[in-house]
Amino acid sequence: MKGRLYILILFIVAVHTATMAQQVPITSQYLTNGLIINPAYAGTREALSANLSYRKQWAKITGAPQFQTLSLHSPINNKEKVSLGLMADYLTYGVTKDVGIYAFYAYSVRLGKGRLSMGLKGGIDLSNTNYNRLQFPDGNPTDPLLTGDMKYTLPNMGVGFYYYTDKYFAGLSVPSLLTYKRDATDEFSVKPDYTHFRSYFTAGTILRFADSFKVKPSVLLRYAMNEPLEVDLNANLIFADILWVGGSYRIAEKAAVALLDLQVTPQLKLGYSFDYQLGHLNNYTSGTHEVSLRYEFEFKVSATSPRYF
């Protein structure tokens, strides 16, 4: 079993070095913090929104991904046309550590019964893969390609659109527009390649059955030209605008997700999700855990019109 785990780790490293692209990791709490997948989400909470999340993927597998994010975003004027944001994320998997630091700009306009937000993000990606930390069941590697380290610090950017009303939302984004190419000397450079663009489409609505009971179905599509289409189907049951109980099914990954959120106060929301693998990984992992915290400063909302998106 250990040998298979080492193979998995090497596979993760190989995928990272082959694609040369900084991709947005899969999360289950993106409905709480849409900034992770869409720059146009900045400012749409209509308050200074602070988000903190931690995801431990494939528990019990050595070297499996762990993903942490910290973000802030807010409108900057009373008309809420211009919004700014910041986000830092930290991803580790195998012997690789990735850091992303980004600034966000969004501009929104009234459109029909809702608002259309158009967003940009820009920043840097830092990556360090230290092959000397690899552990092998049969001792040290003989391949010189599996020694030393490989690192880069390069710019990246993203773009997105997000439309929302008090009844539904829809978003389209490409969180990472730039890809990276490694040369024979292990030096990296920016090389845009549209075949590696991963596009995200999200949409959802709120169904009101009673003042104390609502249902929020939604969908997430992820698509790249060199990868199969990935689909997430989600549904949340909302009780008294305080307790959110839901689930997701991630078709490509064959994972079922249980979601639990608690709106402690109008400002504070806590979230937890558990991903259960239905495919071959179920033999090696006890699941994936993710927790999130969102706090919104000076949040003003009436009891009859809370924010669901």
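Predicted model: local features only at pLDDT ≥ 70, side-chain atom pairs only at ≥ 80, totals over all residues.
Reader: In which sense do E14 and E15 pair?

Author: Follow the bridges from strand to strand. E14 covers residues 243–250, and E15 covers residues 255–263. The two pair in the antiparallel sense, over 8 bridges.

Reader: Which strand pairs with E14 over residues 230–239?

Author: That is E13. E13 and E14 are antiparallel too, with 8 bridges. Start at Ala235: its bridge partner in E14 is Gly247. E13 and E14 also form a hairpin, this one with 3 residues between the strands. In its turn, Ala240 has a positive phi of about 55°.

Reader: Now a single residue. Where is Ile101 found?

Author: Ile101 is found in strand E4, which runs over residues 96–111.

Reader: Why does Ile101 count as partly exposed?

Author: Compare its accessibility with the cut-offs. Buried means under 20%, and exposed means over 50%. Ile101 has 45% relative accessibility, so it counts as partly exposed.

Reader: What is Ile101 in contact with, leaving aside neighbours within four places in sequence?

Author: Ile101 is in contact with Met87, Gly122, Gly123 and Ile124. For a C-alpha distance, take Leu70, 31 residues from Ile101 along the chain. The C-alpha atoms of Ile101 and Leu70 are separated by 9.9 Å.

How values were computed. Residues numbered from 1 in each chain as written. Heavy atoms only, no water. Pairing = 2+ DSSP bridges. Helix = DSSP H or I, 4+ residues; strand = E, 2+ residues; numbered from the N terminus. Buried < 20%, exposed > 50% of the residue type's maximum accessible area, 1.4 Å probe, protein only. Contact = heavy atoms within 4.5 Å.
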